Amino acid sequence: MSAFDFGRAIRGSVSAAVLTSFLTSPVLAAPPVDLSKWSPEYVRSIAGTKDFDTAAECNKVTPLNYKGRLTFWYQGVFEGDPDLLRQYYKDFFVAFRKTYPNIDLQDQALTYNDLLDKFRTALLGNAGPMMVRLQILGGVEFASKGYLQELKPEDVGYATEDFWPGAMKSNMWKGKTYGIPTNNETMALIWNADIFKRAGLDPDRPPATWDDVVKYSKQIHDKLGIAGYGLVARKNAGNTPYRFLPQLWGYGGGVFDETAQSPTYSKVQINSPASKQALQASYDMYVRDKSVPVSALTNQQADNQPLFLAGQLGMMISHPSDYDVMLDLKKKTSGSDTQKAQTVIDNMRYGLIPTGPDGKRAVVFGGSNIHILKPEYVDGGKVDLPAAKALACFWTSPEWSLKMAYAGSNPGNLNGFKTKWMKERLDNIKFLDVTTSMLPYGVPFPTIPETPEIMNIVVPDMLQNALTGAMTVDQAADDAAKKIKNIMDGGKL
């Protein structure tokens with residue numbers, strides 16, 4: 001699909017409610033980029049048009065000679081990330097310490113699945129870090145419980161309008177802001193054109209709808225004896241909701257009314273007919289057609305990557321970084337496997353997330369936010385606020401919000417799209433324009449305190465109950481609805 005086709009698709013079929021929320025949100029007054037023109041062509045036209053001096057800007061927030069101490073936890077790189085991202089993480093901390101040589105930064109990287117649990121445990125013992133960078137679905141939970149200080153972009157030298165409205169929404173609780181976006185992301189559909197061709201499918205035409213995904217997956221499996229689609233259904237893993245929610249929303253379902261322009265989150269809809277249709281699609285692929293990996297119940301996306309590289313998986317949903325991941329994985333092969341891997345890489349294609357039957361397209365608006373804790377919940381009972389603001393300014397700057405998202409995400413600060421590094425990314429990272437084009441379709445997870453438990457526990461449990469046969473599709477969806485209602489009423493699972 002050409003850049004022109006992507007631009008036309010964005011302008012022609014993007015959900016009106018989603019796009020309107022981006023363009024008319026009260027949070028967004030005058031963004032530094034024109035969201036109404038968002039397309040691969042527009043993003044390329046603004047890349048490299050403005051220079052930024054991070055040290056000079058952050059000096060206005062916290063003087064560069066400031067002496068202090070900061071403890072900081074964050075979600076670091078994990079096994080499925082490309083080597084390029086690992087290098088930028090190293091570069092970031094070297095650059096920060098060089099810019100602020102008198103701040104004693106004690107940083108600790110944790111995995112996605114460990115960060116929330118360890119952070120919750122630390123807070124119960126008043127032993128948290130001064131500052132934390134959490135996945136986008138985590139901030140409201142901790143703000144609602146009183147753990148976080150108010151923190152908005154203006155506190156570290158930027159404007160609220162410099163960030164995506166959906167990302168800012170994920171930091172708000174009862175009208176107050178408790179964090180700043182560091183990066184934002186949307187994923188795309190990835191397929192192997194050679195597998196499509198050998199299975200009798202058009203190698204240049206990805207599945208247009210989720211119903212097509214089911215059909216294509218079955219055809220690939222029946223013709224070639226390999227998995228057609230990389231279903232992910234692991235419990236307590238963010239990979240699962242990030243890949244199931246676009247399917248749920250595409251069919252017109254939802255956990256609540258999160259796809260609405262002004263969601264209320266007042267009615268549970270995960271057991272609606274449309275939501276059950278989405279769950280049925282996963283059931284059909286796993287149980288009826290057996291066209292997805294048998295290991296889907298325990299798989300994360302990192303488990304799909306080697307299957308894809310080996311030519312044993314036809315389609316999956318992931319980030320632009322998966323192209324670099326394939327290049328990294330190929331380096332570990334030898335003999336004939338190296339050529340097979342190269343053939344897969346040569347046949348990698350990226351496209352927009354499929355739509356539902358009515359043409360609705362949606363994807364999770366993901367990313368991370370940075371937060372500052374209240375002193376009473378910090379180990380030692382003190383927060384070095386100038387040091388914390390220095391780090392927040394540095395990470396959310398146009399430069400570093402871009403570099404830290406270089407291989408697999410997008411800058412939280414919209415000005416990052418104007419930097420020279422964005423131009424380099426577009427030139428060097430294949431298929432980046434596709435996932436960037438998905439941003440207007442992004443839907444944030446429900447901005448309620450219960451979201452982490454619902455998304456990481458209830459949604460995967462629902463999938464597992466249906467796919468293992470422990471419950472029918474109807475029973476699994478109804479059970480999930482009951483659990484969500486209980487959580488919302490203050491109960492436990």
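How many nonpolar, polar and charged residues are in the lining of the second largest cavity? By class, this lining has four nonpolar, three polar and one charged residues; Ala, Val, Leu, Ile, Met, Phe, Trp, Tyr, Cys and Pro count as nonpolar, Asp, Glu, Lys and Arg as charged, and the others, Gly among them, as polar.

The model is predicted, so local features need pLDDT of at least 70 and side-chain atom pairs pLDDT 80 or more, while totals for chains, interfaces and linings use all residues. Residues are numbered from 1 along each chain as its sequence is written, and side-chain values use heavy atoms, without hydrogens and water.

A search of the whole structure gives two cavities of 30 Å³ or more. A cavity is a set of points on a 1 Å grid over the protein atoms alone where a 1.4 Å probe fits but cannot get out, and lining residues have an atom within 4 Å of a point. Volume is the space filled by probe spheres set on the points, which are joined across faces, edges and corners.

| Cavity | Volume | Lining residues |
|---|---|---|
| Largest | about 50 Å³ | I136, L137, V140, S170, F445, P446, T447, I448, T451 |

The lining of the largest cavity has six nonpolar, three polar and no charged residues. In the second largest cavity, helix α11 (residues 239–250) contributes the most to the lining, with three residues; helices are DSSP runs (H or I, at least four residues), numbered from the N terminus.

Helix α18 (residues 420–428) has W421, M422, R425 and L426 buried, that is, under 20% relative accessible area with a 1.4 Å probe, protein chains only. Down the axis of α18 these residues fall within an arc of 145°, so they line one face of the helix; the arc is that of the directions from the helix axis to the C-beta atoms.

Conventions
1 Å grid on protein atoms, 1.4 Å probe; cavity = no way out; pocket = protein on both sides within 12 Å on 5 of 7 lines; lining within 4 Å. Helix = DSSP H or I, 4+ residues; strand = E, 2+ residues; numbered from the N terminus. Buried < 20%, exposed > 50% of the residue type's maximum accessible area, 1.4 Å probe, protein only.
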